[in-house]
Amino acid sequence: MDDLDAQRSAMMAEIDAGFRRFTAFLAALDDADLTGPTDAAGWTAKDHVAHLTAWAGSMIAVLDGRPRWEAIGVTPEVWQTITDTYDVINAAIQARHRDTLPAEVRTDFDGTHRALVARIESMATADLVRPYVHFQPWATGRDDPLYGYLLGNTVGHYDEHRGYVEEMVSARPT
C-alpha cells in the first residue's frame, strides 16, 4: 500500500468513526429532544441534523462538479456571503427544513452520508488529493486538497455539532 492509499484508508476510517459516533448519539434522542430545546441561535437538534445533511450533500455536488449552492438550495448571491460568514447560508438551511419531521431529518442524514461515502469510494485515490478548485473552478484560491473538505464536512462537522446538541439537550429540564 502506498502513502496515498494509506491516507485514503485513514480518511475513510475517520469518516466512518465520526458517523458512528454521531448516529449512536442521535439514536439516543427522542423527537422531544430533537424538537424541544434550542440553543442561543434558536436552533433545535433537528436543525443541527438538517444542517449537517445539507453540508454533506453539498460535498456530493462538489464531487459531481456542480455548485455547492445548488445542493444547499441557495442562490449564488447568498452563497457569496460565505466569504464573510456562514450565518446567511445556515439560516436559509434552517428555514428550508423548519417543517421537516424528525424521522425524515434522521433518514435524510443517514442517506446523504451513505451517498457521499459511496461517491468517495468510487473515486480514484489520486482525486482525493487534487485541489478543491479542480472540482469547483469558480472557487479561486482554494488550492488545498479535496480530502480536507471531505473530512471537514463529515467527521469534523459531525463532531462539532454533536457537541452543540449534547450541550443543548443536557441543559433541557427533565
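Ser58 counts as buried, at 0% relative accessibility; buried means under 20% relative accessible area, exposed over 50% and partly exposed in between, with a 1.4 Å probe and protein chains only. The model is predicted: local features need pLDDT of at least 70, side-chain atom pairs count only at pLDDT 80 or more, and totals for chains, interfaces and linings use all residues. Residues are numbered from 1 along each chain as its sequence is written, and side-chain values use heavy atoms, with hydrogens and water left out.

**Surroundings of Ser58**

- Ser58 is part of helix H3 (residues 45-63); helices are DSSP runs of H or I with at least four residues, strands are runs of E with at least two, and both are numbered from the N terminus.
- Leaving aside residues up to four places away in sequence, Ser58 touches Arg68, Ala71 and Ile72, where contact means heavy atoms within 4.5 Å.

**Fold and dimensions**

- The protein has 10 helices and 0 strands, in the order α-α-α-α-α-α-α-α-α-α along the sequence.
- The radius of gyration is 16 Å, which agrees with the value near 16 Å for a compact globule of 174 residues; the radius is taken over C-alpha atoms, and the globule rule is 2.2 Å times the number of residues to the power 0.38.
- Along the principal axes, the C-alpha atoms fill a box of roughly 50 × 40 × 25 Å.
- Of contacts between residues at least 6 apart in sequence, 68% join residues at least 24 apart.

**Burial, surface and charge**

- Buried residues account for 44% of the 174 residues.
- The protein has 15 positive and 27 negative charges, and their mean positions are 3 Å apart. Lys and Arg count as positive and Asp and Glu as negative, without His and the chain ends; each charge is placed at NZ of Lys, CZ of Arg, CG of Asp or CD of Glu.

**Aromatic pairs**

- The whole structure holds 9 aromatic pairs; rings of Phe, Tyr and Trp (its six-membered ring) pair if their centres lie within 6.5 Å, with planes under 30 degrees apart stacked, over 60 edge-to-face and the rest tilted.
- Tyr132 and Tyr149 are stacked because their ring centres are 4.0 Å apart and their planes are at 25°.
- Tyr132 lies in helix H8 (residues 132-135) and Tyr149 in helix H9 (residues 146-152), so the pair ties together parts 17 residues apart in sequence.
- Tyr132 is buried at a relative accessible area of 4%, and Tyr149 is buried at 12%.
- One aromatic cluster is formed by Phe19, Phe22, Phe25, Phe109 and Tyr158.
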